[in-house]
Amino acid sequence: MIQHTLISAPILRSKIRSLEIRFAGNKNLKIYGLLQCRSGKRMKRKNRVFFATEQEALQNNFRPCGHCMKNEYKKWKEKHMSSKG
């Protein structure tokens with residue numbers, strides 16, 4: 001997980017081009033999504049973190065975005081709702 005405030009713009013662009021960064025998340029809401037997500041683009045830079053993989057985001061206890069990752073969110077929600085009881 002890479003915090004947006006700790007990475008320069010040129011390095012960030014390089015990591016996105018080389019696919020080292022493929023997802024962005026909101027560290028306060030614990031939601032991750034695609035880099036081009038409209039919801040994600042509106043978040044404050046200080047709250048944004050980046051992930052290389054979905055697995056990395058999930059390991060950090062983030063959930064998929066309900067806007068740009070509808071199928072993944074549905075699966076996540078079903079799994080977490082059934083485990084509650």
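Colleague: Where does His4 lie?

Modeller: Some conventions come before the answer. This is a predicted model, in which local features need pLDDT of at least 70 and side-chain atom pairs count only at pLDDT 80 or more, while totals for chains, interfaces and linings use all residues. Residues are numbered from 1 along each chain as its sequence is written, and side-chain values use heavy atoms, with hydrogens and water left out. Helices (H or I, at least four residues) and strands (E, at least two) are DSSP runs, numbered from the N terminus. His4 is found in the loop between strand S1 (2-3) and helix H1 (9-17).

Colleague: Is His4 buried or exposed?

Modeller: Buried means under 20% relative accessible area, exposed over 50%, and partly exposed in between, with a 1.4 Å probe and protein chains only. His4 has a relative accessible area of 11% and is therefore buried.

Colleague: Which residues does His4 touch?

Modeller: A contact means heavy atoms within 4.5 Å. Not counting residues up to four places away in sequence, His4 touches Leu12, Arg45, Arg48, Val49 and Phe50.

Colleague: What is the order of the elements in the protein?

Modeller: From the N terminus on, they run β-α-β-β-α-β-α-β-α. The radius of gyration (taken over C-alpha atoms) is 13 Å, close to the 12 Å that the globule rule gives for 85 residues, so the protein is as compact as a globular protein of that length. That rule is 2.2 Å times the number of residues to the power 0.38. Buried residues make up 28% of the 85 residues. Among contacts between residues at least 6 apart in sequence, 57% join residues at least 24 apart.

Colleague: In what order do the strands stand in the sheet?

Modeller: Strands of a sheet pair through backbone hydrogen bonds, either parallel or antiparallel. Two strands count as paired if DSSP finds at least two bridges between them. Here an open sheet of five strands has the order S1-S4-S2-S3-S5, with mixed pairing. S1 and S5 stand at the edges with a single partner strand each, so one side of each is left without a neighbour in the sheet.

Colleague: How many bridges join S2 to S3?

Modeller: Strand S2 (residues 23-26) and strand S3 (residues 31-34) run antiparallel and are joined by four bridges. Phe23 stands opposite Leu34 in S3, and Asn26 stands opposite Ile31. The hairpin of S2 and S3 has four residues between the strands, and Lys30 takes a positive phi near 60 degrees there.

Colleague: Which residues point each way from S2?

Modeller: Phe23 and Gly25 point one way, Ala24 and Asn26 point the other way, and all are buried.

Colleague: How many aromatic pairs does the count come to?

Modeller: Rings of Phe, Tyr and Trp (its six-membered ring) pair if their centres lie within 6.5 Å; planes under 30 degrees apart count as stacked, over 60 as edge-to-face and the rest as tilted. By this rule the count comes to three. One of them joins Phe23 and Tyr32, whose ring centres are 5.9 Å apart with the planes at 85 degrees, so the pair is edge-to-face. Both Phe23 and Tyr32 are buried. Tyr73 and Trp76 form a stacked pair, at 6.1 Å centre to centre and with 20 degrees between the planes.

Colleague: Where do Tyr73 and Trp76 lie?

Modeller: Both lie in helix H4 (residues 70-84), three residues apart, which is about one turn of the helix. Tyr73 has a relative accessible area of 22% and is therefore partly exposed. Trp76, with a relative accessible area of 25%, is partly exposed.
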